[in-house]
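Let's take a walk through a protein model together.

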Amino acid sequence: MSGQLNRLPSGGRIDRTRAIGFRFNGRTLTGHAGDTLASALLANDVHLVGRSFKYHRPRGIVTAGAEEPNALVQVGDDPARTDPNIRATQAEIFDGFSARSQNCWPSVEFDIGTVNDALSPLFPAGFYYKTFMWPKSLWMTYEGFIRRAAGLGESPRAPDPDRYDHVNAHCDVLVIGGGATGLAAALAAGRTGARVILCDEQSEPGGALLSERPDGVAIGGNPAEEWRGATLAELAAMPEVRLLPRTTGFGYYGDNFVGLLERVTDHLPVEGVSPGTPRQRFWKVRAKQVVLATGGIERPLVFAGNDRPGVMLAGAVRTYLNRYAVAPGRRVALLTNNDGAYRTALDLLSAGCSVEGIVDIRPSPEGALVRQARDGGIPILAGYGVAGTEGRNRVTSVKAMRLSADGSAVERGLETRIDCDLLAVSGGWNPAVHLFSQSRGKLAFEPERATFVPKQSHQAERSAGGCNGAVDLASCIAEGLEAGAAAARECGFDAAAPSVPDVEEPAFAPQRNLWLLPSDRPAGKVKAFVDLQNDVTAKDIKLAVREGFRSVEHVKRYTTTGMGTDQGKIGNVNALGIVAGALGADMPSIGVTTFRPPYTPVTFGAIAGRNTGRFLAPLRKTPMDSWQAAHGAAFENVGGGWRRAWYYPKDGEDMHAAVQREAKAARESVGIFDGTTLGKIDIQGRDTAEFLNRIYTNAWTKLEPGRCRYGLMLGEDGMVKDDGVTARLAEDRFHMTTTTGGAAAVMGWLEEWLQTEWPELKVRLTSVTEQWAVITLNGPRSRDVLAELTDTDLSNEAFPHLSVKEATIAGVPGRIFRISFSGEMCFEINVPASFGLSVWEAAWEAGQKHGMTPYGTETMHVLRAEKGFIIVGQETDGTMTPDDLGMGWIIGRKKPDFLGKRSLTRRDMVRDDRKQLVGLETDDPSLVLVEGAHLIADEIEAAPPVPILGHVTSSYRSPTLGRSIALALVKGGREKMGRKLYVAMPDRTIPVTIVDPVFVDREGARLHG
């Protein structure tokens, strides 16, 4: 095994007693427990780790965290357990760990794709928009080439053998980020007794404190490590605090819903994982308050040749030195615009490295850190910039040149060559505002450090520490303590912020902001990279501006800057600065690009969880399913993945005989039906009535609490989308029912309008489909059965049709709705799902003396068809308006607006020959029509094509009428009442008569008992 040439003899947080063997690009190397792949590679003097996406230029490790743009590797040799685009800076090594470089062939050292670099003048920004548009006939060829060139790593080629879990969690305070700020916030909130979740993406909490030397910073008069350890011990002892290491907050959604990804066993060999342990967990957290303590991200400086392996961020160099005991270079130069790089230089000296010089673009840097560097003998080139680098697969020298007063040019003749094997760069720090922006918070520009900081929160959130713009550790801890205490207070806990400990740390002098360092070479010959992952140069960005792009979002898409897997974490602000300079505008005026989830990539396995294979669409059963099976029910699978009782055959009965018996019982005595699968949505808020008024075609603002109303909702095209009965439970609360198959779509439809079109409405939606079991008692004896289960007054006077009451049914608190889908007197009992079976059994027992019969969905269809009630998706096909269905009465024509109203007035929507819902009666009453069969005007066979007038939508034998009935959609159907049409079958035509679609109880007397 190769030796660890760059491993320091002492220090770091690694376990030197545990040597780890791993493989990279076929080489066997060693590291230690606690190493990441990046730190282990640097320890083994491996600096070339990959090739860039577009030009295939050599690339090395730049950072030490989630912001890494270059060191993306393919992890794992097993075809089922291989992951592309894993950051070497985050992958923890273990015995047997294996990884390889991506986007190179045949090897990372010799890559054929490097020809792209030589041909780079042919591939300017947006070249694909220009090149692949002509000639059109070659597009298919272009597409194949583009698809082969796209992507970086390889997807697994075998089924994933690992397990992934989903966890739903609630807490008072969610703290995202486990650095000093996050630890302080969790401590302040935890001491109040609040339920706290603290998550951090690293293997252990501490953040930047883990990158300090033991004697680097003192907190409360003691080394920072002692404060960190004591804080973690206190948090671990709190029963209401949950610590989640290796857990990234990747998405911040509405109502303080936050997605977390916990990497449970990614750092362990497969054989070391206990059976049943998930690889990753997807935490779905609802928090009353969120504290963002996500810290800051160091940004680079943009200069010629800044992408060479061996060019790293200064903060990352400190991390490798102090946390991993690795010297990324032995002869180091530094380039900076702030004091941060001086801390790195001093730590390099302490580690025994040679610091060849600090190139500081500030004309006169001063301060304690600068003085320490000078006292240490480090050459400081004040007012200089790096104009270029040399080296093939690793930097070997840099050219430092004196900058003009405004930093826009270099002064020829005033240049210095610095031989080095590492260039550490610092361009300041950007607050990690990604999650804040995802939460719809507003940013403000902070001119001193030329970056964007949180300004106005949109949700119950507060930012603290580095992500809030704090620079020094004292401010981070103070803001964390205050944020944690304030969040706990908002949750109702008595909290005062703990006292802030004294912090001993060096002070930072102001920085100088230059977005692009000049070079002494002609502009066309310079490659100064802004986005390292996508090979976007400063020249590309300037070209986009010259070609007319002004919006930063357009520049982003035209150049692809910030569109890689790192989402521009280290490059976006530099890009904004260059755009602003090219436009002659200030940065606040051009704004920032949009930050979207996920913050870092999330595996498909974690998103899917256990919902794969046979669990992808699990069979949903109602609480009464076992009773139905025991009583001989035949089942059918219906919309939404539900299984419902279809019919209950007795000995010797087929489906048709069973349905006729069940329907007859429901009309003459009492039937019991399981309606649990209906979609149910709880709607609450100040503006619920106004919201429903916009969603439904009819009026809702004057509906009284305790009353129900049938509603029809349309799409924007005016076509029927769904229907159902909605009850008003209180002034600000409604209970909506939807069709079984439409439940999820309706929920999404409502959420879309609330979130994107009517955000001013104060309305909250909750799907409660599975929270309520629904037991329907249907028929003239239904009141008698229900009276034995409840003390509620069920008389017509006290409980009229279309009413709802809170009630106790068979000892269980619930609701009773008086609504009907059969045309008979009907009571729908809603009880918590866990009591559904017991209440069903009580109702069954009470109904025996009244001749109760269970019935299924097929019988329900017969009953509703007799009454002429529609089923959305059966009587509708996406082209039906309410008037087509004979439901013009439900359109609130005096309402100022509702979804689809304008579309109803289009000329095509009021044609006389539109298909309309009618009833059909066959001349032969025993003949049941085939659903879907076409209707024609003449029984005499005509030459094709034969005009089709419509089709049969529903067809049954009615036990009430003793004959067949059918519903159909027929062109101009209402004008054809009493007319003879013909149903075309393969072997004959069947004469039918157009009749009213209501076959039973047209006056509605049965509904009122």
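Our first stop is Arg213, which counts as partly exposed because its relative accessibility is 26%. Here, buried means under 20% relative accessible area, exposed means over 50%, and partly exposed is in between, using a 1.4 Å probe and protein chains only. Before going on, note that this is a predicted model, in which local features need pLDDT of at least 70 and side-chain atom pairs count only at pLDDT 80 or more, while totals for chains, interfaces and linings use all residues. Residues are numbered from 1 along each chain as its sequence is written, and side-chain values use heavy atoms, with hydrogens and water left out.

Which residue does Arg213 form a salt bridge with? The partner is Asp347, and the closest N and O atoms are 2.9 Å apart. A salt bridge is a side-chain nitrogen of Lys or Arg within 4 Å of a carboxyl oxygen of Asp or Glu. Side chains of opposite charge can pair when their charged atoms come close. Arg213 lies in the loop between β9 (196–199) and β10, whereas Asp347 lies in helix α8 (residues 340–350), so this pair ties together parts that are 134 residues apart in sequence. The names follow a simple scheme: helices (H or I, at least four residues) and strands (E, at least two) are DSSP runs, numbered from the N terminus. Asp347 counts as buried, because its relative accessibility is 4%.

A search of the whole structure finds 59 salt bridges. Another of them joins Arg610 to Asp165, with the closest N and O atoms 2.9 Å apart. Arg610 sits in the loop between α16 (604–608) and β32 (620–621), and Asp165 sits in strand β8 (residues 164–176), so the pair ties together parts that are 445 residues apart in sequence. Arg610 is partly exposed, with a relative accessible area of 46%, while Asp165 counts as buried at 10% relative accessibility.

Now look at helix α18 (residues 655–668), where Lys664 and Glu668 both lie, four residues apart, about one turn of the helix. Their side chains meet in a salt bridge of 2.8 Å, N to O. Lys664 counts as partly exposed at 43% relative accessibility, and Glu668 is exposed, with a relative accessible area of 51%. Elsewhere, salt bridges that share partners join Glu212, Arg213, Asp215, Arg318, Arg343 and Asp347 into one network.

Let's turn to the strands. β21, β22 and β23 form an open sheet in that order, with antiparallel pairing. Two strands pair if DSSP finds at least two bridges between them. The edge strands are β21 (384–390) and β23 (410–419), each of which pairs on one side only. From one strand to the next, the twist averages 30°; axes are lines fitted to C-alpha atoms, for helices over the stretch in contact, and angles run from 0 to 180 degrees between N-to-C directions. β21 and strand β22 (residues 397–403) pair over six bridges, and Tyr384 stands opposite Arg402 in β22. In a regular strand the side chains alternate between the two faces of the sheet.

Strand β42 (residues 803–809) and strand β43 (residues 812–818) run antiparallel and are joined by seven bridges. Glu806 has Arg815 in β43 as its bridge partner. Two residues lie between the strands of this hairpin, and Ala810 takes a positive phi near 55°.

How many residues of helix α13 are buried? Helix α13 (residues 552–559) is mostly covered, with six of its eight residues buried. The buried residues include Val552, Val555 and Tyr558, as well as Lys556. At the start of α13, a side-chain oxygen of Ser551 reaches to within 3.2 Å of the backbone nitrogen of Glu553. Just after the helix, Thr560 takes a positive phi of about 70°.

We finish with Trp105, found in the loop between β7 (97–101) and α2 (115–118). Trp105 is exposed, with a relative accessible area of 61%.

Note on methods:
Polar contact = N/O pair within 3.5 Å; in protein donor to acceptor, adjacent residues only side chain to side chain.
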